[in-house]
Amino acid sequence: MIIDFHSHSNASDGALSPLALIEQAIAAGIRQFAITDHDTVAGYQQVLCQREEWPEDFELRTGVELSCRWANGTVHVVGLDFVVEHPVMQAALQRLGEARLQRAASIAERLARHGYAGALEGAIAEAGQSQIGRPHFAAWMVARGHVADVNEAFHRYLGAGKIGDVKAFWPELGEVCDWIVRSGGTAVLAHPLKYKYTRMKLRRLLTDFQASGGRGLEVCSGRQTADQTRQLCRVAQEYGLLLSAGSDFHQQWQYGPALGVKVSQFPPLPNLWARS
Ligand code: AMP
Ligand code: MN
Ligand code: MN
Ligand code: MN
């Protein structure tokens, strides 16, 4: 069976419309799918009215990827199966949307100090109706010729530890886990290897995550080696976390992950796709 519990549409920083994303997921043979846009469910809500037209064996589960702070850095928690209209989730998304706008203003101020004026207006224009984020600043910098490509924008200005890496506006890890749990969902730690933590630090994160009500771990995120997947499965087993997996698909790209993850590659451990 093929599943995908982590993907992005153009409601956040993905390239495809939510409907085009669903169409690709169905074409890829995916049976269970979640659109997990950054801090918004607008994409999910847009496609719901098309439900009747999808194959019967295709299931769209509710999803979102929430940004939060942990140990002076940014961590992402995927929420699955929550009640979209739940007041706790609605208030959380409202707050995160406001945080993103405030953060965007702060990123723009920092860029202005480095000689790049007009970044806020530029990024807002790039974002359009989408939830604004650093990729929109990167797109503006490329369009303006300030950098050659998005990679350079992140490498020099927006990536971890650079001037545009503003995290002051995010809620704490415990808060976002609580929001997901209270709105009836499952909190899953996203792409655990992407933080580039030491083994010890990842263990500290998992302990805090679990203490906050976190229940799942992405044992496969995008492209990673079979060995990394095996290690993460062992960690999930040790902590008693449910296996989750997703591509973290943003756009069709030669070096990027395609949609869909085969679950046959995972050991038979408690997971989020074998619901009866
Ligand atoms: P934000 O949600 O505003 O913090 O932006 C983070 C998003 O930027 C991630 O979800 C990725 O989609 C994207 N991103 C992060 N690092 C890079 C990078 N080095 N190159 C391209 N995109 C990146
Ligand atoms: Mn993204
Ligand atoms: Mn992420
Ligand atoms: Mn993601």
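Visitor: What makes β7, helix α9 and β8 a right-handed β-α-β unit?

Guide: In this predicted model, β7, helix α9 (residues 226-239) and β8 form such a unit. A crossover is called right-handed because, with the strands pointing away from the viewer, the path from the first strand over the helix to the second runs clockwise. Helices (H or I, at least four residues) and strands (E, at least two) are DSSP runs, numbered from the N terminus. Residues are numbered from 1 along each chain as its sequence is written, and local features need pLDDT of at least 70, side-chain atom pairs pLDDT 80 or more.

Visitor: How do you know that β7 and β8 pair?

Guide: Two strands pair if DSSP finds at least two bridges between them. Five bridges join β7 (residues 216-221) to β8, and the strands run parallel. Cys 220, for one, has Ala 245 in β8 as its bridge partner.

Visitor: Why is Arg 61 called buried?

Guide: Buried means under 20% relative accessible area, exposed over 50%, and partly exposed in between (1.4 Å probe, protein chains only). Arg 61 has 3% relative accessibility, so Arg 61 counts as buried. Asp 81 has 22%, so Asp 81 is partly exposed.

Visitor: What makes Arg 61 and Asp 81 a salt bridge?

Guide: The term requires a side-chain nitrogen of Lys or Arg within 4 Å of a carboxyl oxygen of Asp or Glu. The closest N and O atoms of Arg 61 and Asp 81 are 2.7 Å apart, and the pair forms a salt bridge. Arg 61 is in strand β3 and Asp 81 in the loop between β5 and α3, so the pair ties together parts 20 residues apart in sequence.

Notes. Chains are lettered from A and ligands numbered from 1 in the order in which they are written. Side-chain values use heavy atoms; hydrogens and water are left out.
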